[in-house]
Amino acid sequence: QLQLVESGGGLVQAGGSLRLSCAASGRIFSINAMGWYRQAPGKQRELVATISSGGSTNYADSVKGRFTISRDNAKNLVYLQMNSLKPEDAAVYYCNALVRTTIISKYDDYWGQGTQVTVSS
């Protein structure tokens, strides 16, 4: 059984910072891309940032220059450093990973349970 567990969400004032972490555990052969998505009430889930196994990153325009995604391949961890937070960044943030669980399996999408980020103005 593979699990993605996020942590680090919470309440922060506008202009503040938070660091989200996501740990992948269980049956893992290899992890390709990892990323963060978010979903605000009444809105669709949207991409925030992704990072390849080689470290290439991609960001939503709305977070460029404020958020930084990073990962620790040895520990199957992915992070999201969020600076200069705005009220519109408030959402449930989800960790995502493309994982092969065995040497013969294909990459499958896995999701964490989400962590709430609240930004007060």
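**Terms and values**

Tutor: The largest nonpolar core has 30 residues, and W36, L80, M82 and Y93 have the most contacts inside it. This is a predicted model, in which local features need pLDDT of at least 70 and side-chain atom pairs count only at pLDDT 80 or more, while totals for chains, interfaces and linings use all residues. Residues are numbered from 1 along each chain as its sequence is written, and side-chain values use heavy atoms, leaving out hydrogens and water.

Student: What makes a set of residues a nonpolar core?
Tutor: The members are buried Ala, Val, Leu, Ile, Met, Phe, Trp, Tyr and Cys residues joined through side-chain atoms within 4.5 Å. Buried means under 20% relative accessible area, with exposed over 50% and partly exposed in between (1.4 Å probe, protein chains only).

Student: Which residues does M82 touch, not counting those up to four places away in sequence?
Tutor: They are G16, S17, L18, L20, R66, F67, Y93 and V117. Contact means heavy atoms within 4.5 Å.

Student: Why is R71 said to have no salt bridge?
Tutor: A salt bridge needs a side-chain nitrogen of Lys or Arg within 4 Å of a carboxyl oxygen of Asp or Glu. The nearest side chain of opposite charge to the buried R71 is D72, 8.1 Å away, so there is no salt bridge. Lys and Arg count as positive, Asp and Glu as negative, and His and the chain ends are not counted.

Student: What does the side chain of R71 reach at 3.2 Å?
Tutor: The backbone oxygen of I51.

Note on methods
Polar contact = N/O pair within 3.5 Å; in protein donor to acceptor, adjacent residues only side chain to side chain.
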